[in-house]
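Welcome! Take a moment to look over the fold below, and then let us walk through its aromatic rings and its core together.

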Amino acid sequence: MLFRLCLWLLAKRIQYLTDTHPQFQQLIARRACVISFELANSSACRYFEFKWGKVNSEAKRHSHASLSFQISSAKDFRYLLWIMAKDPHNKSQMITLIRQAKIRFAGDMSQLTWFMQIADYFAPQSFAAKSSDTAEQIQP
């Protein structure tokens, strides 16, 4: 349930950025790909289809995703979202989760680089400043 909620909120944030943020719009205007997320036990999934400036998202598996994220647990995903919101430019915690095999990827790794670029926009501006002490409390 937590994983589904986090992905639904991410879908809402991406849609908001698509509708209102010019720099985000420029980044997605040049891309056509499908990025999917799913729990390792396949109990929940969602995909995001970026198609030349438009975004579609559905809570189901996409058969031909360009890049797939497989997350070990909802708790790890929540932690990843929290640390990315706290400091979107610091990717070291994500690399740690990859090394620990809590996040796995399949597909086109160039899409991963692009997705990390747009992920910098996912956190609200005020969130990083307000959450400086709290991220240490949330551990995977």
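Rings of Phe, Tyr and Trp (its six-membered ring) count as a pair if their centres lie within 6.5 Å, and planes over 60 degrees apart make the pair edge-to-face. In this predicted model, the count by that rule comes to 10 aromatic pairs. Here are two of them.

| Pair | Distance of centres | Angle of planes |
|---|---|---|
| Phe-37 and Phe-48 | 5.9 Å | 90° |
| Phe-69 and Phe-105 | 5.0 Å | 75° |

With planes at 90°, the rings of Phe-37 and Phe-48 are edge-to-face. Phe-37 belongs to strand E1 and Phe-48 to strand E2, so this pair ties together parts that are 11 residues apart in sequence. Both Phe-37 and Phe-48 are buried.

The rings of Phe-69 and Phe-105 are also edge-to-face, with planes at 75°. This pair links distant parts of the chain, 36 residues apart: Phe-69 sits in strand E4 and Phe-105 in strand E5. Is each of them buried or partly exposed? Phe-69 is buried, at 3% relative accessible area, whereas Phe-105 is partly exposed, at 22%.

E2 and E3 pair in the antiparallel sense over 5 bridges, forming a hairpin with 2 residues between them. In the turn, Trp-52 has a positive phi of about 50°.

Now for the core. The largest nonpolar core has 37 residues, and Phe-37, Phe-69 and Trp-114 are among those with the most contacts inside it. Helix H1 gives the largest share, 7 residues. Trp-114 touches residues including Leu-27, Cys-33, Ile-35 and Phe-50.

Notes:
Residues are numbered from 1 along each chain as its sequence is written. This is a predicted model: local features need pLDDT of at least 70, side-chain atom pairs count only at pLDDT 80 or more; totals for chains, interfaces and linings use all residues. Side-chain values use heavy atoms; hydrogens and water are left out. A nonpolar core is a set of buried Ala, Val, Leu, Ile, Met, Phe, Trp, Tyr and Cys residues joined through side-chain atoms within 4.5 Å. Buried means under 20% relative accessible area, exposed over 50%, partly exposed in between (1.4 Å probe, protein chains only). Helices (H or I, at least four residues) and strands (E, at least two) are DSSP runs, numbered from the N terminus. Contact means heavy atoms within 4.5 Å. Two strands pair if DSSP finds at least two bridges between them. Rings of Phe, Tyr and Trp (its six-membered ring) pair if their centres lie within 6.5 Å; planes under 30 degrees apart count as stacked, over 60 as edge-to-face and the rest as tilted. Lists of a residue's contacts leave out its neighbours within four places in sequence.
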